[in-house]
Amino acid sequence: MTELLERAIAKLQTLPGDRQDEAAQMLLSLVDGTPAIQLTTEQAQEVARRLDAPAPRYSTHEEVAAFFGQKRMA
């Protein structure tokens, strides 16, 4: 075990049990290559909806300059 990992584990041991479990799950997911966070069905559907949504339209530089130019004159 490396010195850095030993230091990290020593710090983790000072945390409450629920935080230790959370850290252990994250470490195991990193080692196993599995997702650390599991989305609910509703969350996964929302992510899919947003990915499928059309990209928002942003103002061009010229439109912004014209808008603020008009505001300065008013």
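**Figure 1. Lining of the largest pocket.** The largest pocket is lined by L5, A8, I9, L12, Q13, Q20, A23, A24, M26 and L27. Two elements, α1 (3-12) and α2, each give two or more residues to this lining. The greatest contribution comes from α2, with five residues. By residue type, the lining of the largest pocket holds eight nonpolar residues, two polar and no charged. The space in the largest pocket amounts to about 240 Å³. The model shown here and in the views below is predicted.

**Figure 2. Helix α2 and the residue after its end.** Helix α2 covers residues 17-32, 16 residues in total. From its first C-alpha to its last, α2 reaches 22 Å, close to the 22 Å expected at 1.5 Å a residue. Just after α2 comes G33, with a positive phi of about 75°.

**Figure 3. Two residues of helix α2, S29 and E22.** Both S29 and E22 belong to helix α2. S29 has a relative accessibility of 8% and counts as buried, because the cut-off for buried is under 20%. Apart from neighbours within four places in sequence, the contacts of S29 are T34, P35 and A36. The C-alpha atoms of E22 and A44 are separated by 21 Å, and the two residues stand 22 apart along the chain.

**Figure 4. A36 in the loop between α2 and α3.** A36 is located in the loop that joins α2 and α3. With a relative accessible area of 52%, A36 is exposed, since exposed means over 50%. Between A36 and A10 the C-alpha to C-alpha distance is 22 Å, with 26 residues of separation in sequence.

**Figure 5. Helix α3 and R49.** Helix α3 is formed by residues 41-52. Its 12 residues reach 17 Å from first C-alpha to last, close to the 16 Å expected at 1.5 Å a residue. The number of buried residues in α3 is zero, so the helix lies largely in the open. R49 is in this helix and is partly exposed, with a relative accessible area of 49%. R49 and D32 are 17 residues apart in sequence, and their C-alpha atoms are 29 Å apart in space.

**Figure 6. The aromatic pair F67 and F68.** A pair of aromatic rings is described by the distance of the centres and the angle of the planes. The count of aromatic pairs in this model is one. It consists of F67 and F68, whose ring centres are 5.2 Å apart. The planes of the two rings stand at 85°, so the pair is edge-to-face; the cut-off for this class is over 60 degrees. F67 is partly exposed at 41% relative accessibility, and F68 is partly exposed as well, with a relative accessible area of 46%.

Key. Residues numbered from 1 in each chain as written. Predicted model: local features only at pLDDT ≥ 70, side-chain atom pairs only at ≥ 80, totals over all residues. Heavy atoms only, no water. Helix = DSSP H or I, 4+ residues; strand = E, 2+ residues; numbered from the N terminus. Expected span 1.5 Å × (residues − 1). 1 Å grid on protein atoms, 1.4 Å probe; cavity = no way out; pocket = protein on both sides within 12 Å on 5 of 7 lines; lining within 4 Å. Points joined across faces, edges and corners; volume = space filled by probe spheres on them. Nonpolar A, V, L, I, M, F, W, Y, C, P; charged D, E, K, R; others polar. Buried < 20%, exposed > 50% of the residue type's maximum accessible area, 1.4 Å probe, protein only. Contact = heavy atoms within 4.5 Å. Phe/Tyr/Trp six-rings, centres within 6.5 Å; stacked < 30°, edge-to-face > 60°.
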